[in-house]
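Student: I would like to go through this model by question and answer. Please give the cut-off behind each term when it comes up.

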Amino acid sequence: MARDLVRFDWAMKKLLRQKANFDILEGFLTELLGQEIKIVQILESESNQETVNDKHNRVDILVQDEKGDLVIIEVQNSKQYDYFHRILCVTSKVIAQYMSQGDPYADVRKVISITIAYFDLGQGEDYVYHGTNIFRGINQNDVLALADQQIELYNRAVVHEIFPEYWIIKVDQFDDRVKDKLDEWIYFFKNSEIRKEFSAKGLKEASERLVEMYLNDQEAREYQRYLRYLHDVASDNYTKMIDEKIYLKKMAEERAEGIAEGKAGTLIEAIIGMSRIGLEVDKIAAALNVTTDYVTEVLA
């Protein structure tokens with residue numbers, strides 16, 4: 001019998017910050033980034049302070065891997081039109097926060113921003129998007145590369161590895177058809193379920209430790225409170241959507257009435273005008289494609 005697992009975002013908030021559970025996060029990052037990731041520590045920043053998280057529909061975590069790279073993982077549960085701008089702002093703040101005054105620019109830390117979105121962020125048919133900074137020549141169409149000395153100094157192979165890197169996972173767009181190990185993780189994000197045949201790194205550990213029945217009393221209360229909060233947010237978003245539909249329908253009806261009234265007014269003016277120049281009722285009716293009774297009523 002399958003055991004109920006806690007949501008990944010709540011686990012990030014409460015369980016995955018513990019060093020004993022780093023291997024779960026490491027598994028997800030390894031499958032997403034396509035390279036072995038080893039987490040050294042969880043860092044504190046403006047973006048993942050618990051007091052901030054409690055006031056917003058968002059869960060964040062900032063980790064440092066053994067290479068010194070910084071990885072921001074954010075889970076967003078409701079629509080935010082300026083979320084792309086938020087990603088940029090948070091990434092920039094982390095870069096600035098972890099660079100000391102007087103440091104050379106070469107000490108700028110590599111930042112990887114990962115968004116797990118439970119809403120339709122932007123427009124696109126895929127459910128995983130990856131963004132990097134690539135400099136391409138406008139005349140030769142070549143990609144700007146690092147010089148040999150830069151490769152040796154910075155321990156980076158290509159230019160875009162220096163710049164922030166962005167990943168966006170649109171969970172609700174995933175159709176539950178699992179094609180690879182990253183899809184196994186996304187299936188977990190969407191369904192809070194790990195199938196017994198899944199083999200992605202970190203999922204075995206997640207299936208053993210993120211079990212709802214294993215929470216202590218305080219954790220269980222906090223988790224239920226978090227679920228109620230998400231239900232409230234979903235209900236609020238649904239109410240706003242219905243209100244918007246009602247408003248748009250009302251505006252469309254008022255516009256249609258206005259057009260109809262405008263057409264009627266124009267038609268009446270035309271009937272009166274034709275009558276003034278001496279046209280007979282039947283000729284006015286034929287010209288305007290209305291009944292003679294209507295023309296007679298207008299002219300009465």
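Student: Is I72 buried or exposed?
Tutor: Residues here are numbered from 1 along each chain as its sequence is written. This is a predicted model, in which local features need pLDDT of at least 70, side-chain atom pairs count only at pLDDT 80 or more, and totals for chains, interfaces and linings use all residues, while side-chain values use heavy atoms, with hydrogens and water left out. Buried means under 20% relative accessible area, exposed over 50%, and partly exposed in between, with a 1.4 Å probe and protein chains only. The relative accessible area of I72 is 1%, so I72 is buried.

Student: In which strand does I72 lie, and what does I72 touch?
Tutor: A contact means heavy atoms within 4.5 Å. Leaving out residues up to four places away in sequence, the contacts of I72 include V90, V94, V111 and I114. Helices (H or I, at least four residues) and strands (E, at least two) are DSSP runs, numbered from the N terminus. I72 belongs to residues 70-76, which form strand β3.

Student: Which residues touch the most other members of the largest nonpolar core?
Tutor: A nonpolar core is a set of buried Ala, Val, Leu, Ile, Met, Phe, Trp, Tyr and Cys residues joined through side-chain atoms within 4.5 Å. The largest one has 50 residues, and those touching the most other members are F8, F28, I73, I116 and F189.
Tutor: Helix α2 (residues 22-33) gives this core its largest share, 7 residues. A second, separate core has 7 residues, among them L43, I72, V94 and V111.

Student: What is the C-alpha separation of I72 and L43?
Tutor: Along the chain, I72 and L43 are 29 residues apart. Their C-alpha atoms are separated by 9.8 Å.

Student: How many residues of β4 are buried?
Tutor: In a regular strand the side chains alternate between the two faces of the sheet. From β4, V111, S113, T115 and A117 point one way and I112, I114 and I116 the other, and all are buried. The strand is mostly covered, and the count of buried residues is 7 of 7.

Student: Which residue of β4 is the bridge partner of V75?
Tutor: Two strands pair if DSSP finds at least two bridges between them. β3 and β4 run parallel and are joined by 7 bridges. In β4, the partner of V75 is I116.

Student: Why does V281 count as partly exposed?
Tutor: V281 is in helix α9 (residues 281-288). With I268, I272 and L299, V281 makes a nonpolar surface patch of about 250 Å². V281 counts as partly exposed because its relative accessibility is 31%.

Student: What share of the accessible surface of the chain belongs to carbon and sulfur atoms?
Tutor: Accessible areas come from the Shrake-Rupley method with a 1.4 Å probe; for residues, only the protein chains shown count as cover. The accessible surface of the chain is about 18400 Å², and the carbon and sulfur share is 51%.

Methods
Patches are made of residues with over 30% relative accessible area and no salt bridge: like charges are joined within 9 Å, nonpolar side chains (Val, Leu, Ile, Met, Phe, Trp, Tyr) within 5 Å. A salt bridge is a side-chain nitrogen of Lys or Arg within 4 Å of a carboxyl oxygen of Asp or Glu.
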